[in-house]
Amino acid sequence: MTQQTEFDHHSAACTADPVDYYRSFREQCPVGRTEAHGGFVYTTRYADVARIARDDDTFSSSRASSGVDRVAIVIPSGPGLEQYPIELDPPESTGYRDLINPLLTPDAVDALRPMIARHATRVVDAFVEHGSADFVRDLTNPLPAAVTLDWLGFPEEDWARLAGPIHDIFAAPADSDRARRGAEGLAYMERRIREIVRQRRAEPTSDATSVLAARTGPDGLPYGEDELVSVIGLLIAGGVDTTTSLTGSVLVHLSRHPDQLRRLIDSPDLLDSATEEFLRAFAPSQSMARTARADTEIGGCPVRAGERVLIPWVAANHDPAVFPDPAEVRLDRDAARHLSFGIGTHRCAGAHLARAMFREMITQVLTRLPAFRVLEEGLVAYPTRGNQSGWDAIPAVFPAGPRLGSGTASGSASGSGAVGAPLFGQAVSFEAVVVGTEPVADGVLALTLARAGGGDLPAWEPGAHLEFRLPSGRVRQYSLCGDPAERDRYRVAVLREENGRGGSAEMHEIAREGVVVGVRGPRNHFPLVPADDYLFVAGGIGVTPILAMARAVALRGAAFRVLYGGRSRATMAFRDELAGYAGDRAELVPQDELGLPDLAAVLAAAGPATAIYCCGPAGMIEAVERACERLGLTGRLHVERFGAGDDLETVFDPAANTAFDVHLARTGRTVRVRPDQRLIEAVREAVPGLSYDCEKGYCGACETRVLAGTPEHRDSLLTAEEREAGRTMMICVGRSCSPRLVLDL
């Protein structure tokens with residue numbers, strides 16, 4: 001039964017607190033109909049939003065379906081240049097995605113990082129000596145504009161003139177003089193794009209516009225000028241103000257939460273996971289819209305053909321069914337299932353570029369302006385957060401710092417050797433080979449790894465971990481527990497969890513000398529801070545990072561104690577090695593002999609300068625956190641918890657993997673997928689412009705049409721009906737049940 005409500009995502013109440021606004025409707029009427037803005041159906045739940053965004057057959061993005069020649073993907077509709085491919089439906093949109101995707105792959109964006117760093121250094125140099133800035137005017141707007149327009153090949157004199165109108169459209173009240181100036185600016189942008197396209201067709205260069213202008217469509221003919229204007233206009237709009245919005249919101253948040261600011265400064269590797277959490281919490285695009293092609297229903301609410309449907313990313317990102325305690329920003333949350341880049345065929349093609357620009361801006365702030373403070377009284381927010389969220393002004397002060405760069409902006413977008421802030425928390429990906437294994441406790445296996453092909457491994461410090469990309473496609477993290485001085489080898493230890501989802505079992509299966517596995521890292525979310533005294537609390541396999549820490553503080557002669565609990569002595573890994581470093585400063589508490597440790601008593605004995613480190617089962621960590629809160633020790637507590645991040649992961653046995661062939665219909669090639677190889681790895685070699693992102697089976701970026709064969713689904717996104725139909729698959733984790741697959745690639 002449909003319920004008529006007073007819902008309005010552009011209302012003052014929603015603008016003041018969209019998270020709470022959607023929460024109240026989710027709890028009372030999660031899907032309903034409103035008369036606001038001509039009438040539409042709204043949604044509030046992750047599952048409904050994801051379903052609608054992925055169902056192009058039932059819910060259209062095109063203007064033709066909406067019945068008006070106005071922007072079809074927002075409510076209310078407004079004037080504007082038609083945007084390809086986001087305002088088209090498959091198959092019409094497919095050719096334009098194929099045009100854009102190769103320019104924005106992870107490898108393509110990696111090639112742009114020196115240019116991004118150069119622009120970021122120049123932009124910050126312009127104000128760093130003053131000790132104050134408006135972060136929007138001076139950083140978060142000019143940097144994305146410079147990067148996007150430099151990449152596309154627009155001369156420097158165009159950058160401000162083209163970026164300003166886009167920001168004005170979002171930041172100005174509708175029908176205001178500023179909004180009208182923004183519309184006039186967009187008209188200029190259209191004329192300027194046409195001029196650049198004509199120039200590049202006459203005299204191509206290495207910029208992205210030259211590449212776009214030279215490519216041909218599915219019919220073998222060059223794309224028309226109108227088509228390229230639409231595509232490039234969308235790239236400019238998407239590249240400029242969305243990253244402006246995200247970065248500004250994060251800077252305001254970090255100023256309000258200096259503990260999290262300090263944690264990012266102390267643990268730069270945390271920025272990887274924090275970026276996804278910031279995207280979840282502060283989605284620049286708050287909502288989009290679709291038009292129902294036929295009568296259907298959403299969450300029990302009937303929807304008529306032609307009705308408009310609101311799909312709010314912000315509501316999905318704060319659905320507690322997917323993200324526990326969604327109003328809380330947790331820097332170490334596995335938030336990669338967020339929908340801030342959308343989902344389905346219209347998922348943001350520029351996701352990798354957006355992350356790269358955001359990361360460089362935040363890196364500049366954390367390394368060059370770490371003591372910044374936003375002036376709350378000067379903040380100016382967007383007038384409505386119904387479609388787009390962001391800030392029009394973010395005044396800030398900070399201790400003045402030195403300039404670092406040459407101050408020039410010009411240069412090739414693919415140039416190298418940029419002068420910029422030092423590398424900050426950048427983990428690297430490489431292949432490691434297993435060179436030794438050793439049982440170190442019941443069910444616990446230690447693996448020694450070396451760099452495949454030889455050479456030194458990346459340096460690390462106690463508390464660091466490696467991310468393993470297993471042959472099955474699973475991703476798991478394990479703490480380094482060897483000696484940081486040994487640059488030729490790493491050591492990790494893995495507890496085989498018989499009732500787990502298969503990651504630890506797979507690690508034990510591949511633990512054979514000579515096996516090569518992809519890794520990323522080291523990352524350190526759990527750094528050992530300077531202190532006069534340390535208390536280390538370890539439970540079970542949580543001893544692995546504690547072992548490296550105990551070794552480090554023992555070598556430098558610092559005071560410390562270790563409390564190590566386990567089910568039994570036989571299950572407690574490295575107990576003899578730990579005793580060798582700590583001696584009588586280590587207290588081992590096997591539960592079957594001594595019961596549970598008295599955490600409250602141990603914590604109460606901590607001195608006034610003691611840093612407390614805890615790693616182990618979730619229940620133990622929670623008990624330590626509660627005790628520290630009662631004792632006033634929370635500020636000195638450091639914990640490491642690896643969120644499983646696999647609660648939606650498909651259970652399967654990687655030992656059953658078989659080899660199979662994949663024929664790529666459009667490419668014309670057939671590739672062999674080995675049992676120890678992921679499908680996406682084999683396909684990537686033949687299709688360099690492949691679109692993908694999470695590589696865990698839940699973002700939908702790599703969803704690919706299956707033309708023949710039976711896919712084996714290992715994702716957490718497809719419905720049971722979609723799996724049974726077998727028309728598409730997520731090639732980042734999926735495999736084949738048949739000897740041969742034919743994919744639309």
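Helix α8 is covered by several other helices, including α6 (106-128), α7 (135-140), α9 (156-171), α11 (208-214), α12 (225-256) and α16 (351-368). Covering here goes by contact, which means heavy atoms within 4.5 Å. Helices are DSSP runs of H or I, at least four residues, strands are runs of E, at least two, and both are numbered from the N terminus.

A word on the source: this is a predicted model, where local features need pLDDT of at least 70, side-chain atom pairs count only at pLDDT 80 or more, and totals for chains, interfaces and linings use all residues. Residues are numbered from 1 along each chain as its sequence is written, and side-chain values use heavy atoms, leaving out hydrogens and water.

How many of the residues of α8 are buried? In this helix, residues 142-152, the count is 10 of 11. Buried means under 20% relative accessible area, exposed means over 50%, and partly exposed is in between, with a 1.4 Å probe and protein chains only. Among the buried residues are Leu143, Val147 and Trp151. Just after α8 comes Gly153, with a positive phi of about 100°.

Next, the backbone elsewhere. The loop between α4 (63-66) and α5 (94-100) holds Pro76, and the bond joining Ile75 to Pro76 is cis, with omega about -5°. Pro91 is also placed in the loop between α4 and α5; the peptide bond from Pro90 to Pro91 is cis, omega near 5°.

His37 has phi near 55° and sits in the loop between β2 (32-34) and β3 (40-42). Asp325 has phi near 45° and lies between α15 (313-317) and α16, in the loop.
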